[in-house]
Structures are given as C-alpha cells and as structure tokens.
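Me: Could we go through the charged side-chain pairs in this model? I would like the criteria stated along the way.

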Amino acid sequence: MKKILLAAALLGAAGAAQAGDISITNDYGTTGLFEALGASNIPVTSTYSHGLGPGAVGGADDLIGAPLSFNDVGGGWFGELVPIFGGNSLGYNNNWQLGFNYNFGGTATLVDGVFPFAPDGTLDANNDGLVDFGDAIVPNFTTGILEIFYNDINDASPNDGQKVLELRLVGTELQPFSPNVIFFMEVNYDWYAGGNAFVDNFFTDGDSGMSFYQLSQLAPPPVINFRMDFNVDFNFVPTCDDADCETLSRETDINATGIFAVPEPASIAILGLGLLGLGATARRRKAA
C-alpha cells in the first residue's frame with residue numbers, strides 16, 4: 001500500500017503545473033525573464049482530402065457534410081526578441097531569432113448553415129473567396145508537432161538553424177463562433193539524444209532554475225505544458241488543387257501566442273525527495 005501511495009504522490013507532483021517566466025541562453029548570453037512567445041501574420045497552408053476519387057467532386061460545396069482529412073503546415077518566426085522585450089539591457093540581441101515549423105492534422109467538416117442560419121447549398125454565396133457568415137470549416141485536430149529553431153538573423157528559413165525544442169499536440173479547444181483554436185502541447189525530447197550543451201541549456205524555467213532538458217531527465221519527468229492560441233485571420237474557402245479535385249487547399253494567415261507552464265519548484269523538490277526515498281529503501285533491502 002505504501003508503494004501505491006508513493007507512486008500516486010509522485011505522479012501528482014509531476015503533473016502539477018503553472019504558467020511562469022522562462023529565459024533563453026543563446027550565443028549572446030542569457031536573456032531576461034519573459035512569459036510568452038508570439039508571432040504575427042504567419043502563412044499556413046491547409047490541405048483537405050476527401051478520398052472519393054478523381055472527378056467525384058467539383059469544389060468545396062460538393063463536400064458539405066462529408067468526412068474529410070486535413071493537414072495544416074506552416075512556419076515563421078517568433079521574432080527578434082529585442083523589439084518585443086525592450087532591448088539589449090535584458091540580454092536580447094538583434095542578431096538572432098526563434099523560428100518554428102508546425103504540422104498539424106486531423107479530420108474536418110464543411111458546415112453549411114450554422115444555427116440559426118439556414119443552409120443555402122454553398123459556403124460562399126457572394127463569391128468573395130471567404131466562408132459565408134453562418135457557415136464554417138470545423139477542424140478536429142488529432143496529431144501535431146511544433147519544432148522551435150535557434151536562427152541567425154540572416155537565415156532565410158525558420159528551420160535553417162539549430163533545433164532546440166519540440167512540442168507535441170495533446171489536445172485542442174475550439175472557440176465557438178470564433179477563428180481561434182487553442183492548442184495544448186507538451187515539451188518532448190524523444191527526438192534528442194543529449195550531449196549538446198547549447199540545446200541542453202537553451203530554455204530555463206525561471207522558478208526552479210532548471211533547464212527544460214534537465215527537467216526532462218528526472219524520473220519520472222514532470223510535464224512541461226505549452227498553451228498556444230492560434231487566430232486565423234481569414235476563413236478562406238478551400239479550392240481544388242488540380243482538375244480532378246482529389247485534394248483542396250487554402251492559404252491563410254495566423255497570429256499566435258504561446259505560454260509555457262512548468263511544475264512549481266516545490267513539486268519538483270517533492271518529486272526528488274520521493275525518488276531519493278525509493279533509492280534509500282532499495283539500498284536497505286540490498287544490505288539486508
């Protein structure tokens with residue numbers, strides 16, 4: 001029974017999380033503490049597949065209510081942190097920036113006439129390229145990865161630099177009658193074998209003083225959460241990619257704000273004490 005209670009306590013400690021300040025250690029030193037990462041006017045390509053075969057549909061209106069799979073791909077810059085956070089006095093330098101790529105997928109439904117609006121058989125009655133008010137593209141995100149890269153200011157692409165972090169999608173929340181989608185992600189180091197001091201120490205939790213990678217090496221590791229609010233600027237209607245219209249796609253822009261949540265320092269300490277206790281028990285049994 002004691003083992004079960006101790007395991008439950010450790011899991012509870014690992015799961016406790018709160019939003020908090022972080023810092024970044026880069027080629028130019030360590031930044032001051034800050035809370036959020038933001039990006040504006042980031043291009044995204046959404047591709048929709050219906051699987052009905054070539055020539056089965058002639059456009060998005062023929063797919064209203066049909067099951068679709070989709071993939072969202074995009075990338076951009078969290079930006080030079082100098083103009084966001086107030087200059088080099090805080091340790092920021094305008095010679096570097098954070099880039100990111102993301103790839104999210106799932107299923108989607110094209111909806112004609114969201115209550116109380118009546119269906120009219122089309123998503124774009126006035127042919128302006130935008131989904132009519134009262135219609136909708138409803139996504140259900142099931143998979144996704146967001147990668148963060150450290151870049152020189154002269155890098156042309158967000159992924160030209162050193163990958164420093166990966167976040168995996170664990171859930172979403174759609175905002176009713178809003179273009180906002182909230183992504184819930186978790187920091188993941190399965191892609192990384194360790195041994196690169198730059199990556200090991202890049203992101204640091206301001207409360208515990210431990211880097212994200214150091215936290216990931218605890219057993220069991222505490223979960224570092226990331227909440228990102230995606231705001232789609234324009235809800236464009238997907239158009240056929242080819243004459244057979246086997247896939248449809250749309251290009252649009254997003255704005256994003258993301259905040260990390262890490263375990264409280266006390267929770268990390270409790271976790272460590274619990275592990276030490278397990279080790280002491282094992283040593284006593286071995287000696288006996």
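Me: How many salt bridges does a search of the whole structure find?
Reply: The search finds 4 salt bridges, each defined as a side-chain nitrogen of Lys or Arg within 4 Å of a carboxyl oxygen of Asp or Glu. This is a predicted model, in which local features need pLDDT of at least 70 and side-chain atom pairs count only at pLDDT 80 or more, while totals for chains, interfaces and linings use all residues. Residues are numbered from 1 along each chain as its sequence is written, and side-chain values use heavy atoms, with hydrogens and water left out.

Me: Which residues are linked in a network of salt bridges?
Reply: The network links Glu147, Lys163, Glu166, Arg168 and Asp190.

Me: What distances does Glu166 show?
Reply: Glu166 meets Lys163 at 2.7 Å, N to O, and its closest N and O atoms with Arg168 are 3.0 Å apart.

Me: Is Glu166 buried or exposed?
Reply: Glu166 counts as buried because its relative accessibility is 4%; buried means under 20% relative accessible area, exposed over 50%, and partly exposed in between (1.4 Å probe, protein chains only). Lys163 is also buried, at 15%, whereas Arg168 is partly exposed at 32%.

Me: And where does Asp190 come in?
Reply: The side chains of Asp190 and Arg168 form a salt bridge at 3.8 Å, N to O. Arg168 belongs to strand 8 (residues 162-174) and Asp190 to the loop between strand 9 (180-187) and helix 3 (197-200), so the pair ties together parts 22 residues apart in sequence. Helices (H or I, at least four residues) and strands (E, at least two) are DSSP runs numbered from the N terminus. Asp190 is exposed, with a relative accessible area of 61%.
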